[in-house]
Amino acid sequence: MLSKKYLLFLLFVTSCSLVKLGYSQVSDKNATGETVNLLYNLNLLKEDGVIFGHQHDLAYGVNWKYEEGRSDVKEVCGDYPGLYGWDIGNTEYKLENDIDGVPFAKMKQWIREIYDRGGINTISWHMDNPYTGGDSWDTTPNSFASILPNGSKHELYKSWLDNSCAFFLSLKGSDGKSIPILYRPFHELTGNWFWWCKNNATPEQFVEVWKFTVDYYKSKGVHNLIYVYNTSMVKSREEFLEYYPGEAYVDILSFDNYEYNNPTKDNSFVENNLKLFGIMDEIAKEQNKLIAFAETGYETIPYDKFWTKTLVESMGKYKVSYVLAWRNHGWQENEKKMHYYVPFKGHSNEKDFVDYYNLKNTFFEKEVVKRNVYKNKK
């Protein structure tokens, strides 16, 4: 039997080797084995290609909702996404449905099915404004400051965190183990549209709340989270790091950006993304982190080469871990327009998406499952 001292030596050597290779390690030192394995295997996967994800893929699509096994992505290319996005807005109040009307019971069921199959789940939180009771987009001044440890809504914030803890702790696979989650709190923090964005918080306040939140999850026994730091579009290293809580509290660096203009006439989406990926890549190499494109898309996809040209060119040769396209909600009654970001069966630009799927360096679920991302490969 190996001595405890020798085992510790092996662990130290392995850890040093991973750092030398530029492999990100989970910031939570008590992370579950499956969570540690997932991040390790994401390091391996990024060397070969990028995982494709889709928000709410199993919940609904254009002109359908809650149909067992259905997916717009699968109906077009014959495979599910490798990554599935979810949101836990409304856990604040222990409601039955999330902010988009998806029943939490179904969400948990899908998250479990995805894990059992070998796919990956990521979660964001469109949290309501604890200061006013308004929604995420209520940017009333002093809202963020109210949840600081000495703030007027700190205890309320903690109670909301408790509800999210209960959610994360309830996520179990058929093997009885906790399901690892790529967790993206306070997303798009460098924007000005959410109550937690930089227009409503100083860097010091944001870092304090981020660290408190991560430490709080750990203190409650939540050890199945991989923490994703997420900005909106920024144009400098200084701007990207201004609110950064530090490498000990972050596992993945990411940003969100959408195409709004005709790519044949305006190449700014590609140019801006390449610049920011370059910034993130530099930081990631210094700190042994992964980088990701946490949200993107071109609403209704009116350009027939968005996937194989625009999206591919916007990531360049950078080793991006994953890219997630936004949801296929369909008709938006309030806005009187269609709202979807991935082709559905019959869409005019199906072919380009299939061509994207067939690229050797794009990974959907079949490839992710083949890699056994929750298994120890060390």
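Guide: The radius of gyration is taken over C-alpha atoms, and the globule rule is 2.2 Å times the number of residues to the power 0.38. This is a predicted model, where local features need pLDDT of at least 70, side-chain atom pairs count only at pLDDT 80 or more, and totals for chains, interfaces and linings use all residues. Residues are numbered from 1 along each chain as its sequence is written, and side-chain values use heavy atoms, with hydrogens and water left out.

Visitor: What makes the radius of gyration agree with a compact globule?

Guide: For 378 residues the rule gives a value near 21 Å; the protein has 20 Å, and therefore agrees.

Visitor: Why is the pair Lys 309 and Glu 313 called a salt bridge?

Guide: The term requires a side-chain nitrogen of Lys or Arg within 4 Å of a carboxyl oxygen of Asp or Glu. The closest N and O atoms of Lys 309 and Glu 313 are 2.9 Å apart, so the pair qualifies. Both residues lie in helix H9 (residues 306-315), 4 residues apart; a helix is a DSSP run of H or I with at least four residues, numbered from the N terminus.

Visitor: Which residues are linked with Lys 370 in a network of salt bridges?

Guide: Asp 48, Glu 367 and Arg 371 are linked with Lys 370. The Lys 370 to Glu 367 bridge has its closest N and O atoms 3.4 Å apart.

Terms used: Helix = DSSP H or I, 4+ residues; strand = E, 2+ residues; numbered from the N terminus.
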